[in-house]
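Welcome, and thanks for opening the viewer. Let us walk through this chain one selection at a time.

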Amino acid sequence: DGLRPGPTLHMTTQPLVTCTSAQPLADALRKLLGGAPSLAALSLGLGLASLAGVIVARARFLRSIRSIPGPPYDFLTGALATIRGGGPGSDAPSFFTQRHLVLRELHKVYGPVVKIVMPLGRGSIITYAKAADVAAAFKDVKSFPTRPSLASALPNGLLALPTAAKWRAHRAALLPALSTKAMRGYFPAIIKDADAMCDLLARTDGKDTEVHKPLTAATFCVIHTIGFGVEIGSLEEVMKSPLMELGSSLLGGQVAMMATPTHLVTLLRKLPTSLMPESQRRMLEAKHVYSNQAKSLFDSASSEIKPGAELVARDDARSLLEALAHSGMPFAEACDEIITLLIAGHETTANTLSWAMNLLAHHPEAQTRAREEVEAVCKG
């Protein structure tokens with residue numbers, strides 16, 4: 001999301017301080033209480049000491065990135081006042097729902113590298129307008145330590161798998177279904193949605209028009225068709241469909257919890273629906289809709305497997321879901337994988353294409369060369 005063909009998003013966080021010895025604290029409490037401290041008092045003291053250590057560590061972390069420009073923040077709420085938007089009825093965009101608009105404005109104000117501090121100093125999002133600037137950040141592990149994975153609503157997707165062995169197994173199951181041979185089978189769906197998008201844009205009669213929304217709908221249609229094996233309607237219907245909002249709800253629910261401790265996120269998602277934060281309720285409802293849709297398709301593909309047949313990934317499947325079913329992957333894992341590809345792939349692709357079209361519109365000589373090359377290679 002963001003400025004130009006899309007700035008890179010980099011999550012950073014600071015290491016937690018651990019208490020290596022409780023003896024000094026116990027001695028201090030013994031003197032304070034005039035005797036041996038009770039278990040409750042010792043636990044309280046350890047808790048306060050740990051909290052103090054965390055606060056100090058996070059303050060030091062924020063000091064280490066103080067030279068990076070960004071919107072104003074405080075330790076308690078971070079930069080939430082800037083990124084949450086203006087709320088209902090306001091034109092101010094929210095980072096949780098319109099990240100590309102917020103990042104574009106921040107880069108205009110603060111330059112090519114911007115930091116957004118999370119509440120309680122728990123971390124910072126650093127965005128880059130130029131991909132080349134990212135290399136320095138990854139080399140500086142002291143200022144930019146790696147952030148541990150947060151609790152994912154799609155724990156079986158490639159972006160959240162807990163072990164290398166699991167990741168390799170999923171990748172091995174997906175690769176045949178994304179091979180050149182398999183992609184040839186998907187071309188008709190891709191071309192159909194691309195033609196529909198071109199027809200839609202052609203009806204603007206040369207007037208300025210928004211390209212991001214139809215591009216988002218087109219990429220959503222393509223990945224949905226390839227992933228689940230079913231079409232969901234015309235481009236105009238998809239642009240008005242609640243399915244588009246479901247994808248945003250899944251991604252927005254993850255973003256909303258970035259500054260929240262993992263164990264607390266897990267707890268919040270187990271609360272009754274009426275007590276759950278709206279972002280998490282909408283996210284889990286969206287996952288439920290996609291899971292229900294995928295279950296019957298997965299069961300149908302699984303029923304085609306002959307008893308005793310070898311379970312192997314296929315490159316001639318009608319969809320990614322069918323390919324994963326034939327590989328022997330359990331439904332919960334296959335479903336998370338397809339939803340992950342859908343929400344992680346369609347918006348990022350649409351953003352890149354939108355900025356590419358914007359740049360071509362501002363550089364007609366490059367647009368002419370690109371068109372001539374396409375016509376020469378594709379033979380009209």
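Which residues in α10 meet which residues in α14? Select Gly247, Leu250 and Leu251 in α10, then Ile339, Ile343 and Glu347 in α14, and you have the two sides that meet. Contact here means heavy atoms within 4.5 Å.

Before going further, a word on what you are looking at: this is a predicted model, in which local features need pLDDT of at least 70, side-chain atom pairs count only at pLDDT 80 or more, and totals for chains, interfaces and linings use all residues. Residues are numbered from 1 along each chain as its sequence is written, and side-chain values use heavy atoms, with hydrogens and water left out.

Now show the whole of helix α10 (residues 242-256) and helix α14 (residues 331-362): their axes lie 10 Å apart and the helices pack at an angle of about 95 degrees. Axes are lines fitted to C-alpha atoms, for helices over the stretch in contact, and angles run from 0 to 180 degrees between N-to-C directions. The pair is therefore roughly perpendicular (angles under 35 degrees count as roughly parallel, over 145 as roughly antiparallel, 65 to 115 as roughly perpendicular and the rest as oblique). Sorted by class, the contact of α10 with α14 has 4 nonpolar, 1 polar and 1 charged residues. In this sorting, Ala, Val, Leu, Ile, Met, Phe, Trp, Tyr, Cys and Pro count as nonpolar, Asp, Glu, Lys and Arg as charged, and the others, Gly among them, as polar.

**A hairpin**

Next, select strands β2 (residues 113-117) and β3, which run antiparallel and are joined by 5 bridges; two strands pair if DSSP finds at least two bridges between them. Valine 117 stands opposite serine 124 in β3. The two strands form a hairpin with 6 residues between them, and leucine 120 in the turn has a positive phi of about 60 degrees.

Is β3 enclosed or open? 5 of the 5 residues of β3 (residues 124-128) are buried, so the strand is largely enclosed by the rest of the structure. Buried means under 20% relative accessible area, exposed over 50%, partly exposed in between (1.4 Å probe, protein chains only). Ser124, Ile126 and Tyr128 point one way from β3, while Ile125 and Thr127 point the other way.

**Two single residues**

Zoom to proline 71, in the loop between α2 (39-64) and α3 (80-83). Proline 71 is buried, at 3% relative accessible area. Not counting residues up to four places away in sequence, proline 71 touches Ala79, Thr82, Leu106, Tyr110, Val114 and Lys115.

Then move to histidine 212, in helix α8 (residues 212-228). Histidine 212 counts as buried because its relative accessibility is 18%. Its side chain and that of asparagine 351 are joined by a polar contact of 2.5 Å (a pair of N or O atoms within 3.5 Å; within protein, one must be able to donate a hydrogen and the other to accept it, and residues adjacent in sequence count only if both atoms are side-chain atoms).

**Zooming out**

Finally, show everything: the chain has 15 helices and 3 strands. Helices (H or I, at least four residues) and strands (E, at least two) are DSSP runs, numbered from the N terminus. Of the 380 residues of the chain, 38% count as buried.
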